[in-house]
Amino acid sequence: MKLFRLISVFILILSSAPLRAEMVDGVVAVINDKVITRQQVQDFARPAIESLRNTYGGDQAAYDQQLNSALTNSLELLIERNLILHDFDVEGYRLPDSVVDGLVDDRIREQFGDRVSLIKQLQQEGETYAQFREDVRDQYIESALRSKNVSQEVIISPFQVENYYAAHQNDYKVEDEIKLRMIVLKKTDPDDTNTMNLGHEIVSEIKNGATFEQMAAVYSQGSQKKDAGEWGWIERSSLRSELAQAAAPLQTGQVSDVIDTPDACYIMLVEDKRVAHVKALNDVREDIEKTLRSQEMARVDRQWIDSLKKKTFIRIFP
């Protein structure tokens, strides 16, 4: 409830005026001897708020709802950062100024190009160079400690992958697939008969010995022309209805007749077919490992943050 009341105040302020450096500031949370101010939460959430304004500018109710979520999340992330920085100090770690200087130089080069551009951007946002430098330092420390206490603690075993695969078979079902090459001949209008005639000539050339690839490279107007009309493997159901119907009876290696649609004529070659199946474990193992790693990292991260909260004084002001 305290967080809700806090964010409600933010919404009233932020929805009634643009973001301003001169906004009246105030303490919204204390973590040991560190404070988080309303201005800090606002600054942290600025990219998200600007994005929300662009997305929900005409829908105030939706904007307010999303703004509430963005500010709540920003406050929580700032609390977590301060918990991690406090743990960094308690554990006796130190980050030499020379290292911070190098990190700052890298950030300037990657995001701003040069120091002059950085200073101009900081002036526009009402931020000082010292604040920028401190933020770079804090972000690095947070990332390093999360890696040490979270990423390095997560190991995904083959047994976990196999169990996940067995429990999520429906996620890896694949419909009937065909491997296609396609010649696309665009019409000038729905009644264009010249394109249809050209299509019949191309089919005749293929039957008389010309390769489909040659004809596609010369005549196709589709985006795959440079690849000799190759579409690769595709689920038959994902094709437009006229093409799906024409592809259904074709056997491997067979070329279709000209398929007439209002906007274009198509000629297709079925290079191969695969019936509906479940993807093999080896084909999805890497994706499953990424999913499990992400889930486990989120769990370990929450567990670690909760442990820091238990040994730290935190107060959030209404």
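Start by selecting Tyr93: at 30% relative accessibility, this residue counts as partly exposed. Bear in mind as you go that you are looking at a predicted model.

Phe88 is buried, its relative accessible area being 8%. The structure contains four aromatic pairs, and one of them joins these two residues: the ring centres of Phe88 and Tyr93 are 5.5 Å apart with planes at 35°, so the pair is tilted.

For a second pair, select Phe112 and Phe132. Their ring centres lie 6.0 Å apart and their planes meet at 80°, which makes the pair edge-to-face. Colour by helix here and you will see that this pair links distant parts of the chain, 20 residues apart: Phe112 is in the loop between helix H4 (97-111) and helix H5 (115-125), while Phe132 belongs to helix H6. Phe112 is partly exposed at 23% relative accessible area, whereas Phe132 is buried at 7%. Bring in Tyr129 too, as ring pairs link Phe112, Tyr129 and Phe132 into a cluster.

Next, show helix H3 (residues 60-90) together with helix H6 (residues 129-149). They pack at an angle of about 80°, with axes 9 Å apart, and are therefore roughly perpendicular to each other. To view the contact, pick residues of H3 including Arg81, Ile84 and Phe88, and residues of H6 including Asp138, Ile141 and Leu145. By class, this contact of H3 with H6 has five nonpolar, one polar and eight charged residues.

For the last stop, centre on Trp233. Over the face of Trp233 you will find Arg274, at 3.7 Å from the ring centre.

Methods:
Residues numbered from 1 in each chain as written. Predicted model: local features only at pLDDT ≥ 70, side-chain atom pairs only at ≥ 80, totals over all residues. Heavy atoms only, no water. Axes fitted to C-alpha atoms, helices over the stretch in contact; angles between N-to-C directions. Helix = DSSP H or I, 4+ residues; strand = E, 2+ residues; numbered from the N terminus. Parallel < 35°, antiparallel > 145°, perpendicular 65-115°, else oblique. Contact = heavy atoms within 4.5 Å. Nonpolar A, V, L, I, M, F, W, Y, C, P; charged D, E, K, R; others polar. Phe/Tyr/Trp six-rings, centres within 6.5 Å; stacked < 30°, edge-to-face > 60°. Buried < 20%, exposed > 50% of the residue type's maximum accessible area, 1.4 Å probe, protein only. Lys NZ or Arg CZ within 6 Å of the ring centre and 35° of its normal.
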